[in-house]
Amino acid sequence: MSPTVKAYLIEEAAGAVRARFTSLAPEALDAGDVELRIDYASVNYKDALAATGRGRIIRRFPCVGGIDAVGVVERSGSARFAAGDAVVVHGWGFGVSHHGGYAERARVPAEWVNRVPAGLTPLDAVTLGTAGYTAALAVELMQLNGCRPERGPVLVNGATGGVAGIAIDLLARLGYEVVAATSKADETDYLLQLGARRVIAAAPAPGAAPRPLESAQWAAAVDSLGGEPLAALIPRMHKDAVIASIGNAAGIAFTTTVMPFILRGVRLVGVNSDNDVATREHLWQRLAGDLRPRHLARLRQLVPFDELPAVMDALVAGRHRGRSVVRIGAA
Ligand SMILES: NC(=O)c1ccc[n+]([C@@H]2O[C@H](COP(=O)([O-])OP(=O)(O)OC[C@H]3O[C@@H](n4cnc5c(N)ncnc54)[C@H](OP(=O)(O)O)[C@@H]3O)[C@@H](O)[C@H]2O)c1
């Protein structure tokens, strides 16, 4: 075993954030009751914002980046895990206020860890990672709010993104008519292959505030964008439609009216992936069961650890598609 730990460390100096590869002494790892060897980590939009300093994500400097990872338990102080278990780690402080997945090893609280469920390979589990878990949570919340395939088409915007691509796969598998909205016209075939029934161009930024109600188009929506695209979506929802609000790729602020909520019963449902152990276990089991995605190989690019910065540049520049997985310790 290497005496040091190769890691991608995010630092702040003179108000500027930068990230670099370094070697950490094993004692420099944060404390936690589960210690693991990391095989793969994925690259999420949040990871790219964190490492490039484009978003104020990191809550403790220096911090190894990477909000999710898959690996093998080497030591466990938790009765839930034993040495040799294949596990997926994500959420809470991982890669934000506690050293994260872009390192050969990690120590983490057991609450952030789930066993890779039977039926998924470790590579599948990391391809899902935070994005897949969040997509599954969105689907479950939509179902709990009455969303069913026969109610009509479901819009998934930011469709070439990680969460969105997995959401398309999950929803199509469940029989929903998925309509994918993207800014990338050349990715139509990819989105159809994931299961979208139709692909439409992302709506241009509205010149004026949307009217309180527009003609109803969508029975549900998975919104990765927030901001004005979300404002434009709300008046276009069917009666009793559900919007899963996942992200803010286009912005955090929007202006709307109460009319879609009180006249059409539109439900705007917040999705937050920092969940308790029981919820996490339940959703990982669903991801290996009734939600099991069919197109992870198509969604995934596997890249060497050293190419991580280039993937982050592509993500913040809007040139990225699907899910990038970084090979760290896997053979
Ligand atoms: N709630 C949670 O717990 C949770 C968990 C995971 C992620 N998130 C959030 O969910 C969002 C998506 O995450 P992700 O990892 O899937 O990101 P991603 O892979 O970068 O996907 C975002 C997609 O949004 C579109 N987009 C990017 N920048 C945009 C802009 N300025 N204006 C309009 N569209 C833009 C692009 O799709 P097209 O080019 O196809 O339109 C892009 O592929 C992020 O805001 C992330 O922080 C939240």
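Contact here means heavy atoms within 4.5 Å. This is a predicted model: local features need pLDDT of at least 70, side-chain atom pairs count only at pLDDT 80 or more, and totals for chains, interfaces and linings use all residues. Residues are numbered from 1 along each chain as its sequence is written, and side-chain values use heavy atoms, with hydrogens and water left out.

**Stop 1: His295.** Select His295, in the loop between α7 (277-288) and α8 (296-299). Helices (H or I, at least four residues) and strands (E, at least two) are DSSP runs, numbered from the N terminus. His295 is buried, at 16% relative accessible area. The cut-offs are under 20% for buried, over 50% for exposed and partly exposed in between (1.4 Å probe, protein chains only). Show Asp169, Gln193 and Leu194: His295 touches them, leaving out residues up to four places away in sequence.

**Stop 2: helix α9.** Go to residues 308-316. Colour Leu308, Val311, Met312, Ala314 and Leu315, the buried residues of α9. They lie on the same side of α9, because they cover an arc of only 160 degrees around the axis. That arc is taken from the directions from the helix axis to the C-beta atoms. Past α9 comes Gly318, with a positive phi near 75 degrees.

**Stop 3: Ile262.** Select Ile262 in helix α6 (residues 259-263). Ile262 counts as exposed, at 60% relative accessibility.
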